[in-house]
Amino acid sequence: MLAATSSLDQFSHDPWWLVLIKIVGVFAFLVVMTLFTIWYERRVVGRMQVRPGPNRNGPFGLLQSLADGIKLAFKEEVIPKTADKVVYFFAPVISAVCAFTAFAVIPLGPVVSMFGHHTPLQLTDVPVAVLLILACSSMGVYGVVLAGWASGSTYPLLGGLRSSAQMISYEVAMGLSIVAVFMTAGSMSTSDIVASQANGSQAQFFGLTFTMPSWYALLLFPSFLIYFVSAVGETNRAPFDLPEAESELVGGFHTEYSSFKFAMFFLAEYINMVTVSALCTTLFLGGWRAPAPITTFWAGANSGWWPMLWFTIKVLLLLFVFIWLRGTLPRLRYDQFMRFGWKVLIPVNLVWIVALAGLRTLQNSGLESQIKTYIMVGTVLVIAAVWVLWPAKEKPTAASGVEGIDPGGRVGGAGGFPVPPLDLEVPPSPRAPRLSVDREPVPAGTVAGDQSATEQEGR
Amino acid sequence: MGIEPVDVLLAGLGAIALGAGVLVVSTRHIVRAGLWLVVALGATAGLYLVLSAELVAWVQVLLYVGAVVVLLLFAVMLTRAPIGASPDLDRPRWAGLLVGGGAGVGLAALLIDAYRWSRVPLPPGTGATEIGTEVFRTWVLPFEVLSVLLLAALIGAIVLSRPDIGAADTETGRREG
Amino acid sequence: MSLSAYIPIVGLLALGAAFALFSVSIAPIVGPRRYNRAKLDAYECGIEPSPQPVGGGRFPVKFYLTAMLFIVFDIEIIFLYPWAVSFNKLALFGFVEMVLFIATVFVAYAYVWRRGGLDWD
């Protein structure tokens, strides 16, 4: 901890002009990353859908997002007459400000020489840096819920409520997934967490000594997985992009926004994506440190300005996964989404934290390794026994049709919702061979064997 | 005993918190009252930060600004969240002024009289590690009792908000609303 | 005093706010403005907007329950953080404490699950 406090101290020694340069640098980095990510997303999704994507403005179409942004500024701004004007004005500002501020504590590199000053390549760091990022993202909820409410319109209000419920649900999972990192690193400051991923620790199992992987993504794989899934949920990205489910909510909370106010939400969404990717890099992928094979043959990879390159590459790879998910997966239904968050991510996370804490307590205890092994095996056996012997719930016998339908064709009693008739017919697939297209459509309930039998007779 | 920049910051943040607090109870826009509450709580977090209680400050932002006021906004939107002023807010002003002002002035007088110019030395460690060891060594019992409090809060929320679901007897139709 | 470490954060916040406020206020000035009554109506897929119910619409109580659950778990997480950071100092005692705490919250969680509070029907 002594080294940690001294490393945090160096952030308060910058002269004011250097702080100013760093602030503008981080701001520019975020804006450029946003413009680049929009282009990146459109190109990658384009390739996935076998089309070129934007390629007209600038080399490879790189200036497309800049052109779009400038064009948006010259569009007419429509403020619905039912809106609460003041809140309507401030909601996009809140979103953008929260998105910008969260990036302040992300480490981009080691100590470098900048105009004759030795300064870390990071705006600032505080002992509770990760909490600051979480606080900013929870403040970002306000931008969404206020935008939805202030529009004075039905779709945005629904979208805003949905979106905020989604964000707070996945914030829980995200907050829990970070606990394991804090436990292993022993600190909440981002630069300390990066420093603690420099070298793998030694661990003893069954009398043998192993070198554990230095990246927490490998060491704490469940946490990494849960973090990434909840980051996708937190940033409202596909397949969790329910707030702007355009097929049901038009555009979600920003339906009534136009011109540059809309651009602010767009900017905030992409900055948030960059921030969660950068936080993921910092917490789990070794931060700005070069990946293992590079450092073995190039000692200078972790010094000077090079680490910023490794950092950017890692962030871009994570952003690629975001885009890949969007290009691949269909959107979840809201109930599936909430069930996944509350019934899968959170309990798994809690169990994982307890298991990890138990393991580490056992490691730190002064017991002999023989006894440690016995305790570990014993615990696993007990848990397995409980799992197997747990009284299984009786599965409800599969009833025909939909569960809980009244004879009158309504769900939830005689006064409930009407249900359409369920004897739907399945149309033949257009991809099937031509022969089957000529056939009659097969009713869903009938046995396939009957059909073929009658056809055989007919021939 | 001169005035330091920290004192100016403290006074400024206190004034913001106070002003926002007055606006919370005096505005006629329900949702905006919630937003002024955010400002007041944020200024309080700033006070903690200036008093070098970093962890407490960010916990204040995370819990009060990020969670409790969101709950309040949800509760307002569940029932009604009209855009514009609500003329039907029925508050006797003089009574509110008397109670609020009296409590504020009384507390201020009490605290100022109690502390005057006495100074409390900053304990050596106020970081997360120190707070952690303190809470989990010295204050174990309150911490464990707190978990029971959380249990009660959750059960209360279920019982109050959704008497229609999952109860033993789901006889009649749903409750309205 | 760690307060000076926050100056850059406030600086970035101020720059972000200045940028956002500037661009949001400049857009209506440089953009065109053509009045059309229909354009200022709330968007409802091109049909006449349905009148809002008196006193505002009502929304499912599930959102409230979600926020309540969120608060409880947020408090739990907040306690987990200092515990995780000082984990190596606390040893077995801290582990047992936290297992008890998590178990109690888990009881509440299981209750909510059984009562169907986590179902979004």
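Ser259(A) is found in helix 11 (residues 259-284) of chain A; helices (H or I, at least four residues) and strands (E, at least two) are DSSP runs, numbered from the N terminus. The model is predicted: local features need pLDDT of at least 70, side-chain atom pairs count only at pLDDT 80 or more, and totals for chains, interfaces and linings use all residues. Residues are numbered from 1 along each chain as its sequence is written, while chains are lettered from A and ligands numbered from 1 in the order in which they are written.

**Positive phi in chain A**

- Most residues other than glycine have a negative phi.
- Ser259(A), a residue other than glycine, has a positive phi near 55 degrees.
- Ser259(A) counts as buried because it has 21 C-beta neighbours inside 10 Å; the cut-offs are 20 or more other C-beta atoms within 10 Å for buried, 12 or fewer for exposed, and in between for partly exposed, with C-beta atoms placed from the backbone.
- Phe60(A) is not a glycine either, and its phi is positive, about 60 degrees.
- Phe60(A) sits in the loop between helix 2 (16-48) and helix 3 (64-73) of chain A, and is partly exposed because 14 other C-beta atoms lie within 10 Å.

**The hairpin of chain A**

- Strand 1 (residues 111-114) and strand 2 (residues 117-120) of chain A run antiparallel and are joined by four bridges; strands pair if DSSP finds at least two bridges between them.
- Val111(A) has Pro120(A) of strand 2 as its bridge partner.
- Two residues lie between the strands of this hairpin, in which Phe115(A) takes a positive phi near 55 degrees.

**Ala91(A)**

- Ala91(A) is placed in helix 4 (residues 85-102) of chain A and counts as buried, with 29 C-beta neighbours inside 10 Å.
- Leaving aside residues up to four places away in sequence, Ala91(A) touches Gly143(A), Leu146(A), Ala147(A) and Ala150(A); contact requires C-beta atoms, placed from the backbone, within 7 Å.

**Chain C against chain A**

- In this interface, 54 residues of chain C are in contact with 66 residues of chain A.
- On the chain C side, helix 1 (7-30), helix 2 (62-85) and helix 3 (87-114) each supply at least two residues.
- Helix 1 of chain C gives the largest share of that side, 16 residues.

**Chain B**

- Chain B has six helices and zero strands.
- Of its 177 residues, 26% count as buried.
- Among contacts in chain B between residues at least 6 apart in sequence, 56% join residues at least 24 apart.

Technical notes. Contact = placed C-beta atoms within 7 Å.
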